[in-house]
Amino acid sequence: MNPVTSIILRQMRAPLIVIVTVFSIAILGMVLIPGVDDQGQVWRMDFFHALYFVSFTATTIGFGEIPYPLTDAQRLWALITIFFSVFGWFYAISKIVSLIQTPLFKKAVIHSNFKHSLSQINKKFYLICGYGETGQDLVNRLVKKAINCVVIDNNQHAIEELEVQDYIFYVPGLEADATTPSQLEYAGLSHPLCKGVIAITNSDSCNLKIAITAKLLHPETPVICRSEHTDFEENMRSFNTDHTVNPYDTFAHNFAMAMKSSSLHLLNEWLTGVPDTSLDRPITFSEGHWILCGYGRLGQRIYKTLRENHHSVTIIDTVAELRDEFYRNNPGDDTQFIIGTGTDVATLKQAGVVDAVGLIAGSNNDSNNLSAIMTAQMYNADLVVVARQNEMMNKQLFQASLADIIMHPSEIVARRIRTLLTNPLLIDFLEECYKQSNEWINITISRLSGAISEVKPHCWTSRLTKTGSPAVFEALSKGRKIALKHLLKSPIQRQEMIYCLPLMLVRNNQKFLLPNNDFAVHADDQILFCGISQAEHHISQCLHDMHTLNYVMSLKNSPDSLLGRYLRGNTKQKRRNND
Amino acid sequence: MNLEKVIFSFFMILALTLNFGFFYGDVHNPDHHNIYELYAVIVINLIATILKFGDRSQLGAMLLATSLVANVQLISAAVVWAVASHMQAAGVTEATMATIVSLSGGAVLANIISVILLVLESSYLRH
């Protein structure tokens, strides 16, 4: 039995017994007390009439003295009936109302609703542990890609936030502690459609516990973990966690990309960013002096990248132990290490802000970062500014600060996981680009800007498998030759090309970067496309529908219906006979 | 001794005994079957049903089911009686009385099953 129904029934025992007792005594009294009919004869109500009378009296409907006017003795009993039965109703109603308000009951209702919505899911889903900034961002993107999610968070406000979000389909949320194995199982870990567990709480130890639970109970379920500390990350990797995402490592890698080539940075931003938002401006890094405010997890990684690219650096941090450790680890390094916050003019001037080319505001305090940026820009307007944004609510402030690169850990984790889940080929593609020469990257970015409009493109992977693209698969298995240029023709007007660029084609682990339009596709190829928002839809029409494919390849359509095929077969037969 | 168990068993056994008392006698003869007794059986049966609400065990579900069966039988007997005495010109005939009594006989059977289950449960707990 449903626990909610069970609770209601158990709690309603006493009120219902009270009502039944009051009714039965009242009916019995009405039957026993003699009355008088319209002829003055002694008349007793029978059970049928007594039940009728008590029912409308006790429920305060009150039709009157039916069928004959009551005697005084009957009226006295009716009076008693009214008071006791009204008390009985009130008791029952107040019991129900107070029951609904108890936290236990509310919890039972929420859990029962969650269980119901989980049983309604008929598509594969991801179990997302933690609905903070990263979780919200991730769920929002996944839902837009029509991927089901189930959320578990131990914070009541987070789950309430989820309830009021206006997603295009319902995302079940459970308020429970994801580090408890039984709760994680309850939230859908053991559900046959659970496609993966994503641990993105703000605590590394919680994420570790979730990963251990998932891997021990369901070793085949993929697990993606957020981790901000290297030791936790290594721990997670040690038991086959499928992916760990460290926002600082990811950003340091992106920063290294940007240092190598500004086009590569643009490529990364355009392809992994939110589609249909405005394009980022290109940034040029010139040789020179950099100021690094904050030598924590982010600062240390960026310092390494800067030194690898032969820039001189001045570090500013408040903690003296970090300086001592820095000099111990880097003996003979002539880097200046200033103790201070980097928000005041004196420190920044000492660090050489006037002649510097770049500033990295990388502390874990947003006010300090913003203050450092504003002060530095007063003395050097040409600075390239990299800002670390810690809180989501400060987004507008950082945008207004005109920082060139904004590093927001939550956003970086969400973006990385989103790409891993929806488009893993894109990560491979960017890694391949990193290995290419700067000229190649510049050519790529100019081809890309030609193919897309003024906003960031959509990226997707098309698989030329039997289920992924039935029409193309069938045509290929019949021996037809199909080139990429056919797929890129508009299914509405084949003379026009779709605003779309194939970035990479993968065939048996072999990667072909930027395949040209005459490239012949084979069955089971995977193609990474990027293009405007309608392009995905247009290409998928071609992949799925034989008629569209025939149209873009300028071929005649064969009839599909039985009659059509019969008639066509007959005419062919006749022609052959005439020959 | 558990007072709740005493009350629970009291109502279930009382339902059976009253029900049997009404049922016992010549099937056709209205003099053998007291209307007040039927009324008491219905009330006690209702209370016994309510006492069984919300028990999530298998045995609890069985007990609730037997009580509901007894209620359906008894209430239909009462409805037959009311219809016969108020809406039929002939009133409560011998044939109607036989219907009423046989309906209550079904309820006796359901109540016997109820009590057997109760005895089984208590003997099971002894071990």
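Reader: How does H12(A) pass H20(A), in a left-handed or a right-handed crossing?

Author: H12(A) passes H20(A) in a left-handed crossing, a term used if the near helix is turned anticlockwise from the far one by less than a right angle, clockwise being right-handed. The model is predicted, so local features need pLDDT of at least 70 and side-chain atom pairs count only at pLDDT 80 or more, whereas totals for chains, interfaces and linings use all residues. Residues are numbered from 1 along each chain as its sequence is written, and chains are lettered from A and ligands numbered from 1 in the order in which they are written.

Reader: Why is H12(A) called oblique to H20(A)?

Author: Helix H12 (residues 262-272) of chain A packs against helix H20 (residues 438-451) of chain A at an angle of about 40°, their axes being 8 Å apart. That angle makes H12(A) oblique to H20(A), given that angles under 35 degrees count as roughly parallel, over 145 as roughly antiparallel, 65 to 115 as roughly perpendicular and the rest as oblique. Axes here are lines fitted to C-alpha atoms, for helices over the stretch in contact, and angles run from 0 to 180 degrees between N-to-C directions.

Reader: Which residues of H12(A) and H20(A) make the contact?

Author: Ser263(A), Leu264(A), Leu266(A) and Leu267(A) of H12(A) make the contact with Ile441(A), Asn442(A), Thr444(A) and Ile445(A) of H20(A), two residues being in contact if their C-beta atoms, placed from the backbone, lie within 7 Å. By class, five of the residues in this contact are nonpolar, three are polar and none is charged, where Ala, Val, Leu, Ile, Met, Phe, Trp, Tyr, Cys and Pro count as nonpolar, Asp, Glu, Lys and Arg as charged, and the others, Gly among them, as polar.

Reader: What makes H9(A) roughly parallel to H10(A)?

Author: Helix H9 (residues 204-217) of chain A and helix H10 (residues 230-238) of chain A pack at an angle of about 0°, with their axes 10 Å apart, and that makes H9(A) roughly parallel to H10(A). Asp204(A), Leu208(A) and Ala211(A) in H9(A) meet Phe232(A), Asn235(A) and Met236(A) in H10(A), a contact of four nonpolar residues, one polar and one charged.

Reader: Why are H1(B) and H2(B) called roughly antiparallel to each other?

Author: The axes of helix H1 (residues 3-23) of chain B and helix H2 (residues 35-51) of chain B cross at roughly 150° and come within 9 Å, and H1(B) and H2(B) are therefore roughly antiparallel to each other. H1(B) passes H2(B) in a left-handed crossing. The contact includes Phe8(B), Phe11(B) and Met12(B) of H1(B) and Ile44(B), Ile47(B) and Leu51(B) of H2(B), and its residues divide into 14 nonpolar, three polar and one charged.

Reader: What makes S5 and S8 of chain A edge strands?

Author: Six strands of chain A form an open sheet with parallel pairing, in the order S5-S4-S3-S6-S7-S8, and strands count as paired if DSSP finds at least two bridges between them. Strand S5 (173-175) and strand S8 (243-245) of chain A are the edge strands, since each pairs on one side only; the twist averages 15° from one strand to the next. Within the sheet, strand S3 (residues 125-129) and strand S4 (residues 148-153) of chain A pair in the parallel sense over five bridges, and Leu127(A) has Val150(A) in S4(A) as its bridge partner. Helix H6 (residues 133-144) of chain A lies across S3, S4 and strand S7 (223-226) of chain A, running at about 165° to S4(A).

Reader: How do you know that S16 and S18 of chain A pair, and over how many bridges?

Author: Strand S16 (residues 500-507) of chain A pairs with strand S18 (residues 526-531) of chain A in the antiparallel sense over six bridges, and Cys500(A) stands opposite Gly531(A) in S18(A). Both strands belong to an open sheet of four strands with antiparallel pairing, in the order S15-S18-S16-S17 (chain A).

Technical notes: Helices (H or I, at least four residues) and strands (E, at least two) are DSSP runs, numbered from the N terminus.
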